[in-house]
Amino acid sequence: MPDRFERPGVLHFTAYVALIAFVIWSFQGAGFSFSALVSGGPALTDFLSRAWPPSLDRLPQLSKALVETFQMALAGTIIGIVLSLPLAILAAKGLTRQTMVSRPIYTAARLLIALFRTVPDLVWALIFVIAVGLGPFAGTLAIAVDTIGFCGRFFAESMEDVEKGPSEALTAAGAGRLDTIFCAVVPAAMPSFITTSLFALEKATRSSVVLGLVGAGGIGIELKVAMDFFDYQLAMTIILMIFVLVLCVERLGTLARSRILEGSSQ
Amino acid sequence: MAQALLQPAGAIAPAVPTLQPATGSPCDLKVEGLCKSFGREKNVLSGVSFSVGRREAVALIGSNGAGKSTALRCALRLIEPEAGSVLLFGEDISAARQYQLRRVRAEVGFVFQKHNLVPRVSALTNVIHGNLGRNGGLRGWSQLLASAGLRERAMACLERVGLADHAMKRADQLSGGQSQRVAIARALMQQPRMIVADEPVASLDPVAGQEVMDLFHQLTREEGITLLFTSHNVQQALDYSDRILAIRQGEVVLDEDSRVLSAADLGHHYG
């Protein structure tokens with residue numbers, strides 16, 4: 001009978017112990033406390049009891065803010081998708097010819113995408129509030145930049161992964177590089193582009209709620225004000241409205257994905 | 001001529017004039033001393049030399065890994081050879097720049113074993129793509145954007161391969177034989193002086209394969225297009241070529257008129 005587990009060597013054993021210690025240390029640093037969780041139960045129940053039933057007093061104003069939130073998300077996503085495509089082409093390995101000029105452009109495009117992706121959208125919102133002032137435009141720009149980071153990476157990767165045969169066929173027929181990219185690579189990567197874009201819209205809808213907290217427009221600011229004034233019934237209304245909006249966008253996204261991917265030919 | 005047959009009345013003439021053969025050059029393609037190796041794999045091609053005459057049908061045979069496909073790709077510089085020279089329609093393309101290469105490649109229809117069609121677009125759009133070498137840009141990207149003349153020419157090419165009624169079908173919904181015929185229509189859209197076909201029937205059933213080879217035969221005999229194709233089928237190579245080249249371990253070991261060869265003569269090149 002073989003052993004159920006292979007006995008680890010000293011080095012492996014030390015590594016396992018170090019890993020467990022690292023996880024425990026992280027939980028301590030995160031202030032994780034079961035007692036706080038248990039003692040917080042009554043406060044949570046109190047919040048829920050004070051938040052129910054939701055207040056419908058400001059429903060028209062909140063609906064307007066919710067629509068603005070979605071408008072920010074949609075506009076930001078569209079701007080982001082449009083701008084991410086050329087950036088992704090420049091950042092995709094093997095798509096552009098490797099020359100003295102194209103190599104630094106490739107590196108710059110990848111770095112730019114990495115910068116847009118790694119800096120959180122809330123930070124972009126703070127920067128754009130400084131740049132263009134309070135309101136939905138700052139939020140839209142923040143979402144656009146975040147979308148460029150998200151879509152740029154996935155668009156580039158999907159173009160790198162497409163089958164090379166059609167590109168080779170068009171190159172053999174004398175087609176130029178741009179023609180080859182738009183005729184062979186982009187259509188092959190289109191299902192992935194559509195999926196990524198719809199995920200980006202869902203992500204942007206969730207983000208646009210939070211961006212309002214720093215003054216970048218939308219319903220987020222309404223939520224912050226309601227919580228600051230302990231108007232929990234209004235806060236509950238806003239939370240439920242956000243839930244419905246995000247759910248609708250996700251459902252529509254799923255529906256659109258399946259419809260478009262079945263799609264007709266060009 | 002193919003150009004005449006495929007040019008319907010009122011069609012727009014290609015903006016780039018077709019290359020004129022160099023005076024006194026009897027060959028459409030002449031390669032000399034092609035060498036190529038991939039990484040640690042030693043010498044896939046070791047000094048391959050051959051020529052293909054105007055309006056000639058030449059079969060290139062050899063076992064798997066003999067270097068047939070690499071030779072074809074090096075001849076069009078789809079793969080860069082390490083040494084050797086290539087004369088295409090009398091032009092030395094060995095050191096040609098990209099724009100010069102594109103102009104010459106536009107004259108050669110390359111048909112691949114796996115047809116290499118763009119999958120999510122229509123057969124018609126795929127055929128229109130054949131014109132990109134002569135006229136690039138938005139108009140050639142899709143049948144939705146193409147001019148009436150371009151669409152007409154593409155439809156004529158599809159009709160030529162018997163698939164006009166499949167024009168709007170998506171390429172990934174066509175059978176293997178149909179896909180290969182669309183790939184040939186795409187090559188015809190180039191108004192080629194030469195077709196290079198890399199094992200064009202290897203992934204097809206015998207009936208579809210026969211149809212495709214008959215189509216090549218028509219194009220060479222009736223329309224005067226030069227043909228260079230690779231094949232594993234010795235009998236097919238004998239039936240559809242004027243001359244047979246055999247390649248073994250990266251070297252051309254046979255260059256003979258098909259009429260004086262038999263299947264038995266060629267069998268040992270697959271050893």
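Of the 271 residues in chain B, 49% are buried, in a model that is predicted. The model as a whole scores ipTM 0.83 and pTM 0.79.

**The sheet of chain B**

- Six strands of chain B form an open sheet with mixed pairing, and their order across the sheet is β6-β7-β8-β3-β9-β10.
- The edges of this sheet are strand β6 (108–111) and strand β10 (251–257) of chain B, each of which pairs on one side only.
- If direction is ignored, neighbouring strands of the sheet are turned against each other by 15° on average.
- Within the sheet, strand β3 (residues 57–61) of chain B pairs with strand β8 (residues 226–231) of chain B in the parallel sense, and 5 bridges link the two; in this pairing, Ala57(B) stands opposite Leu227(B).

**Where chain B touches chain A**

- The contact between the two chains draws 30 residues from chain B and 20 residues from chain A.
- On the side of chain B that touches chain A, the most is given by helix α3 (residues 98–105) of chain B, which supplies 3 residues.
- Sorted by class, this side of chain B has 13 nonpolar, 11 polar and 6 charged residues.

**A helix of chain A**

**Confidence in chain B**

- The average pLDDT of chain B is 84, and 89% of the residues score at least 70.
- Among the elements of chain B, the highest mean pLDDT, 95, belongs to helix α4 (residues 123–128) of chain B, whereas the lowest, 38, belongs to helix α1 (residues 2–6) of chain B.
- Over residues 1–25 of chain B the pLDDT is below 50, although this stretch has 44 contacts in the model beyond near neighbours in sequence.
- Where pLDDT is low, the predicted coordinates should not be read in detail.

Notes:
Residues numbered from 1 in each chain as written. Chains lettered and ligands numbered in written order. Predicted model: local features only at pLDDT ≥ 70, side-chain atom pairs only at ≥ 80, totals over all residues. Pairing = 2+ DSSP bridges. Helix = DSSP H or I, 4+ residues; strand = E, 2+ residues; numbered from the N terminus. Axes fitted to C-alpha atoms, helices over the stretch in contact; angles between N-to-C directions. Buried ≥ 20, exposed ≤ 12 C-beta atoms within 10 Å, placed from the backbone. Contact = placed C-beta atoms within 7 Å. Nonpolar A, V, L, I, M, F, W, Y, C, P; charged D, E, K, R; others polar. pLDDT = per-residue confidence, 0-100.
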